[in-house]
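Please read them with the model open.

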Amino acid sequence: MPPQTPRSVGVVVALAAEAQALVKRRYLMGVVEQAAPGVRVLVCGMGPRAAGDAAATLAQGGVSALAVFGVAGALDDTLASGSLLTPAEVLDEEGLRSATDAAWRARLAARLGAGLDERPLLTVSSGASTV
């Protein structure tokens with residue numbers, strides 16, 4: 001039986017400017033917004049706690065899948081501007097590893113008609129000031 005497509009997706013975004021890269025409109029901090037049919041966006045501010053709270057809010061609101069979207073600088077010289085990362089796992093600064101949904105990544109790759117960059121992604125609570 002093929003995997004089911006989510007009925008509704010909740011997207012966690014730190015900054016309103018990042019959310020506008022998805023759908024051009026005005027977003028309010030802390031307000032669940034209907035960005036498109038079946039897509040709810042919640043701009044939550046930066047950091048793991050804010051993202052976790054936003055994910056919980058979206059899940060309690062009935063979304064059937066969660067995604068995190070952001071625009072960031074990379075510390076990897078091999079990443080070109082505009083690269084799309086779909087990590088197989090996300091690591092935090094304490095070493096916790098969280099797996100992402102392999103079936104969802106595969107469906108995304110099929111829809112985009114391209115391979116995905118599934119390298120692990122490190123998330124930290126504050127940005128690097130020097131490299």
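1. Helix α2 (residues 48–60) lies across β1 (9–13), β2, β3 and β4, and runs at about 160° to β1. Axes here are lines fitted to C-alpha atoms, for helices over the stretch in contact, and angles run from 0 to 180 degrees between N-to-C directions. Contact means heavy atoms within 4.5 Å. Helices (H or I, at least four residues) and strands (E, at least two) are DSSP runs, numbered from the N terminus.

2. On the source: this is a predicted model, in which local features need pLDDT of at least 70 and side-chain atom pairs count only at pLDDT 80 or more, while totals for chains, interfaces and linings use all residues. Residues are numbered from 1 along each chain as its sequence is written, and side-chain values use heavy atoms, with hydrogens and water left out.

3. The protein has 3 helices and 7 strands, arranged along the sequence as β-α-β-β-α-β-β-β-α-β. Of its contacts with a separation of 6 or more, 60% are between residues 24 or more positions apart.

4. An open sheet is formed by 4 strands in the order β2-β3-β1-β4, with mixed pairing. Its edge strands, β2 and β4, each pair on one side only. From one strand to the next the twist averages 30°. Two strands pair if DSSP finds at least two bridges between them.

5. Strands β2 (residues 32–36) and β3 (residues 39–43) pair in the antiparallel sense over 4 bridges. Ala36 has Val39 in β3 as its bridge partner, and Gln34 stands opposite Arg40 in β3. The hairpin has 2 residues between the strands, and Gly38 takes a positive phi near 80° there.

6. The loop between β4 (65–69) and β5 (89–92) holds Leu84, and Thr86 lies in the loop between β4 and β5 as well. Is Thr86 buried or exposed? Thr86 counts as buried because its relative accessibility is 8%, whereas Leu84, at 46%, counts as partly exposed. Buried means under 20% relative accessible area, exposed over 50%, and partly exposed in between (1.4 Å probe, protein chains only). Not counting residues up to four places away in sequence, Thr86 touches Arg105, Leu108, Leu116, Asp117 and Glu118.

7. Buried residues make up 23% of the 131 residues in the protein. The protein exposes about 8900 Å², of which carbon and sulfur atoms supply 57%; accessible areas come from the Shrake-Rupley method with a 1.4 Å probe, and for residues only the protein chains shown count as cover.
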